Amino acid sequence: MSAEVLARLPGQELAMAFLRRAAERPHHAYLFAGPEGGGKTLAARAFAASLLCPAGGCGTCRACRLALADRHPNLFLVEPEGRDIHVETVKQEVWHPAYRTAPEPGRKVFVIREADRMNAAAADALLKVLEEPPADAVFLLLSARPHELPETIVSRCHVVTFAPLSEAFVVETLVAEGAEPERAAIAARLSGGNLGRARHLALDPDGLAFREVARRALERSAGGPAGALEAAEEVLRAAEAYRKDLTGSLKDELAPFLDERGRPEEAYRGAVRRLEERHKRRVRRAERDYVDRVLLAASALLRDRVVAAVGGGSELLLNPDVAPGPAPTVRTAAALAAIEEARAALAEDLNLNVRLVLERAFLRCGPS
Ligand SMILES: [Zn+2]
């Protein structure tokens, strides 16, 4: 057995050492606990690969490659839809498949991301499965807020703790991966220890595009009501372009399971359906995700103006590469509050009209 896939996850040596031992004789349920962006998802993929690979996680075979891309037919992935994970999702994606024969010979692995978002009924359904776990199934629960999980569930899991990553560690990692030191430093600062987000900011050519959209929106809003409405329009246009890009990516995801005529092979109908549904959810969420990232960037820019206005030095800025510019503190603080309220409102209520929320927020960013 060679658990190559578990060889290393920088910054999480203890957790990975634990998983390497666990992979040899896995328990039926694990809880990966630790802040967002600390490597829980990567570790879960690697652990799943080590459980699904005939060689124990070689890192190169078909099973490993599919598992590492979240696409192995025996890998069942549950994520929140909207704010919660609903009971129907747990029944369909965990309960039923857990007691059925796996699509391919071997184990079944169930990964539940943001597990603390299960509502009470969903947690109850999962608990029933954990109380009578099928012998060929392994459950991985991921959570940044493990204290919000019912004790009955936590007590049935082996807890694997993922430590928060330091800013220095994130910078070092990004530079080693080829990022320019200055950009790595900005990315690490903006992402607050979330390595995945920092990597995207530092290495993706479009990584800082959100901030550019946010900067332009604030600039327009400062011009008055007409500018604020234009700003909302521009953010929505950019979000729509992002959603369209995402829509096109499904074909690649499905390719390994389709025959030469582009139809799902019999054994993979379920896997293909799951990939399609997950993809649909991502597309539905795409506009919200995009808008949230722009608002987050706007909030960071406004916060810097407040910090600069009260005399804070550049070491305190979230965007050390952007001159905050002079701004009256009271108005900037009001704009910051407006942006944060908009983010909270959109996260809370999925039925809100995004355009109205944006317009209202940007109007409050203008001259009083
Ligand atoms: Zn393998």
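This text walks through the fold from the whole chain down to single residues.

The model is a predicted one. Its confidence comes first. The mean pLDDT of the chain is 90. A value of 70 or more is reached by 99% of the residues. Where pLDDT is low, the predicted coordinates should not be read in detail.

Now the overall build. The chain holds 15 helices and five strands. Along the principal axes, its C-alpha atoms fill a box of roughly 65 × 45 × 40 Å. How does the radius of gyration of the chain stand against that of a compact globule? A compact globule of 368 residues would have a value near 21 Å, and the chain has 22 Å, so the two agree. Buried residues make up 39% of the 368.

The chain is divided into three parts. Domain 1 covers 4–161, domain 2 covers 167–203, and domain 3 covers 209–363. The centres of domain 1 and domain 3, taken over C-alpha atoms, are 29 Å apart. Domain 1 and domain 3 also touch: eight residues of domain 1 and ten residues of domain 3 take part in the contact. On the domain 1 side, four of these residues are nonpolar, one is polar and three are charged.

Next, the interior. In soluble globular proteins, nonpolar side chains tend to be buried together. Here the largest nonpolar core has 54 residues. Those with the most contacts inside this core are F32, F47, A48, F110, V111, L140 and L141. Helix 2, residues 40–52, gives the most to this core, with eight residues. Leaving aside neighbours within four places in sequence, A48 is in contact with A67, L75, V109 and V111. There is also a second, separate core, made of 47 residues. Among its members are V171, A232, V294 and A300.

Helix 9 spans residues 195–203. Which of its residues are buried? They are L195, R197, A198, R199, L201 and A202. These buried residues pack against helix 7 (167–176) and helix 8 (181–191).

Helix 8 also carries E182. Is E182 buried or exposed? E182 has 11 other C-beta atoms within 10 Å, and 12 or fewer count as exposed, so E182 is exposed. The C-alpha atoms of E182 and S299 are separated by 21 Å, and the two residues lie 117 residues apart along the chain.

Move on to helix 11, residues 225–247, which holds Y242. Y242 has 20 other C-beta atoms within 10 Å, and the cut-off for burial is 20 or more, so Y242 is buried. Beyond its neighbours within four places in sequence, Y242 is in contact with A286 and Y290. Q12 lies 230 residues from Y242 along the chain, and 32 Å separate their C-alpha atoms.

E234 is in helix 11 too. E234 has 17 C-beta neighbours inside 10 Å, so it counts as partly exposed. Its contacts, leaving aside neighbours within four places in sequence, are with R216 and A217.

D70 is not a glycine, yet it has a positive phi of about 65°. D70 sits in the loop between helix 3 (62–68) and strand 2 (75–78). With 16 other C-beta atoms within 10 Å, D70 is partly exposed. E114 is not a glycine either, and it has a positive phi of about 45°. Where is E114 found? E114 lies in the loop between strand 3 and helix 5 (120–131). E114 has 19 other C-beta atoms within 10 Å, so it counts as partly exposed.

Technical notes:
Residues numbered from 1 in each chain as written. Predicted model: local features only at pLDDT ≥ 70, side-chain atom pairs only at ≥ 80, totals over all residues. Helix = DSSP H or I, 4+ residues; strand = E, 2+ residues; numbered from the N terminus. Rg over C-alpha atoms; globule rule 2.2 N^0.38 Å. Core = buried A, V, L, I, M, F, W, Y, C linked by C-beta atoms within 7 Å. Contact = placed C-beta atoms within 7 Å. pLDDT = per-residue confidence, 0-100. Domains from an automatic or database assignment. Nonpolar A, V, L, I, M, F, W, Y, C, P; charged D, E, K, R; others polar.
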